[in-house]
Amino acid sequence: MILPTRSPARAELPAFVTDVRPAPTDPAGRIAVAADLAGLAGALVPFDPGGQESLTVAANVLRRTRHLRVVAEFHAAVATPVYAAKVSASLQRFTAGRLGWRLAVDLDPAVARAQGDFLTGADRYARAEEFLTVAKGVWRGSFDFHGDFYEVVEGGFGLPLSAPPFPEVQLSGTSPEALALSRRHADVHVFAEGDDLDALVPELPGLRYGVQLSSLDHADAYAGRGVTEFFLQTEDVYRLGEHMKERALAG
């Protein structure tokens, strides 16, 4: 399930009307609570250049739920890998290890520049490689690193920050660079509808596979090809949960 990252503005009402309802500032939190109660396994907070920051939204969603796994999508220029890892280690401690990462690597150049990120081409994948290497390295303890984009000298987390599991990593893309990055660092590779899974899956041995869907009606065909993670935009969470239960019972 894909969560919203924007809150609707309060409706403009005539001056003589008093609106005592609370402002609708947390649609992601409300939908996530419904998803938790409906028994859905997880949710994605996508990177949205014009919306709220995904790790912050994910922290709120994790706080409001008990079982839901929450994946925050962000790009490598959002912070140093050490800072991203430390924020995430703290969240993992508070939420029983339910946080995941999706690293957005191949951003539209205009979007990247608007985020203060001017890397292009293969350098984006080289930086993502170093970002994940450093984040995982400092999480595990004493760590030194010298790369083209990051350096760490006598770094690393001690207990209790190093105790929780590192966030599950999701990556995407079909280029040779994207597939190579997933082979080295991903737990889940996420495909788009229409990607040639027959050609791509053999390139990613040992990984789980996900797909972003426009409709749940397409899920069965992908499940039959080994896809286990489905990402769908919806606000009618209870209906989605009931639909999935009916499909499971029918299967």
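**Entry 1: overall figures.** I looked up the surface first: the protein exposes about 13100 Å², of which carbon and sulfur atoms supply 54% (Shrake-Rupley method, 1.4 Å probe). The model is predicted, so I noted that local features need pLDDT of at least 70 and side-chain atom pairs pLDDT 80 or more, while totals for chains, interfaces and linings use all residues. Residues are numbered from 1 along each chain as its sequence is written, and side-chain values use heavy atoms, without hydrogens and water. Of the 251 residues in the protein, 45% are buried (under 20% relative accessible area, 1.4 Å probe, protein chains only).

**Entry 2: elements.** I found nine helices and nine strands (DSSP runs numbered from the N terminus: H or I of at least four residues for helices, E of at least two for strands).

**Entry 3: the sheet.** I traced an open sheet of seven strands, in the order β1-β2-β3-β6-β7-β8-β9, with parallel pairing (at least two DSSP bridges between two strands). β1 (42-45) and β9 (229-232) are at the edges with a single partner strand each, so one side of each has no neighbour in the sheet. From one strand to the next, the twist averages 25° (axes are lines fitted to C-alpha atoms, for helices over the stretch in contact; angles run from 0 to 180 degrees between N-to-C directions).

**Entry 4: β3 and its surroundings.** I then examined β3 (residues 99-104), which pairs with β6 (residues 168-172) in the parallel sense over three bridges. Trp101 stands opposite Val169 in β6. Helix α5 (residues 122-139) lies across β2 (69-75), β3 and β6, at about 160° to β3 (contact: heavy atoms within 4.5 Å).

**Entry 5: α6.** I recorded that helix α6 (residues 176-185) lies across β6 and β7 (188-192) and runs at about 165° to β6.

Definitions and conventions: Buried means under 20% relative accessible area, exposed over 50%, partly exposed in between (1.4 Å probe, protein chains only).
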